[in-house]
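Student: I would like to go through a structure and ask, for each label, which criterion stands behind it. Could we begin once it is displayed?

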Amino acid sequence: MSIASKLLQELDWINEREEKKPGKGRPFKVYSLKVGFKDIIAHLEKQQKKAADEGQTKIERLKELGKK
């Protein structure tokens, strides 16, 4: 499982099922999304905004320290 699919699974955004191959061999896994792209994008936007806000707060703090 890739890093991306592990993250999606931790967020409970994907379904996973096994499908048997014809003949011999291990079954393969099939993944499908549980949530829509709009929900995923909204989540990512929220994360990025939070990170940007935290970065801006740190910059403002540095500016204040530079004035002293």
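**Criteria behind the labels**

Tutor: Let us start with a pair of side chains: those of Glu64 and Arg61 meet in a salt bridge, with 3.8 Å from N to O. This is a predicted model, in which local features need pLDDT of at least 70, side-chain atom pairs count only at pLDDT 80 or more, and totals for chains, interfaces and linings use all residues. Residues are numbered from 1 along each chain as its sequence is written, and side-chain values use heavy atoms, with hydrogens and water left out.

Student: Why is the contact of Glu64 and Arg61 called a salt bridge?

Tutor: The term requires a side-chain nitrogen of Lys or Arg within 4 Å of a carboxyl oxygen of Asp or Glu. The N to O value for Glu64 and Arg61 is 3.8 Å, so the pair qualifies. Both residues lie in helix H2, three residues apart, about one turn of the helix. Helices (H or I, at least four residues) and strands (E, at least two) are DSSP runs, numbered from the N terminus.

Student: Which salt bridge does Glu60 form?

Tutor: Glu60 pairs with Lys63, the closest N and O atoms being 3.8 Å apart. Glu60 and Lys63 are also both in helix H2, three residues apart. Arg17 and Glu19 form another salt bridge, with 2.5 Å between the closest N and O atoms. By this rule the count comes to six salt bridges.

Student: What makes Arg61 partly exposed?

Tutor: Buried means under 20% relative accessible area, exposed over 50%, and partly exposed in between (1.4 Å probe, protein chains only). Arg61 has 43%, so it is partly exposed. Glu64, at 44%, is partly exposed as well.

Student: Why is Phe37 called exposed?

Tutor: Its relative accessible area is 60%, and the label applies over 50%, so Phe37 is exposed. Phe37 is found in helix H2, residues 37-67. Together with Leu33 and Ile41, Phe37 makes a nonpolar surface patch of about 310 Å². Patches are made of residues with over 30% relative accessible area and no salt bridge; like charges are joined within 9 Å, nonpolar side chains (Val, Leu, Ile, Met, Phe, Trp, Tyr) within 5 Å. Accessible areas come from the Shrake-Rupley method with a 1.4 Å probe; for residues, only the protein chains shown count as cover.

Student: How do you know that the chain is more spread out than a compact globule?

Tutor: The chain has two helices and two strands, running α-β-β-α from the N terminus on. Its radius of gyration is 21 Å, well over the 11 Å that the globule rule gives for 68 residues, so the chain is more spread out than a compact globule. The radius is taken over C-alpha atoms, and the rule is 2.2 Å times the number of residues to the power 0.38. The C-alpha atoms fill a box of roughly 75 × 25 × 10 Å, taken along the principal axes. Buried residues make up 6% of the 68 residues.
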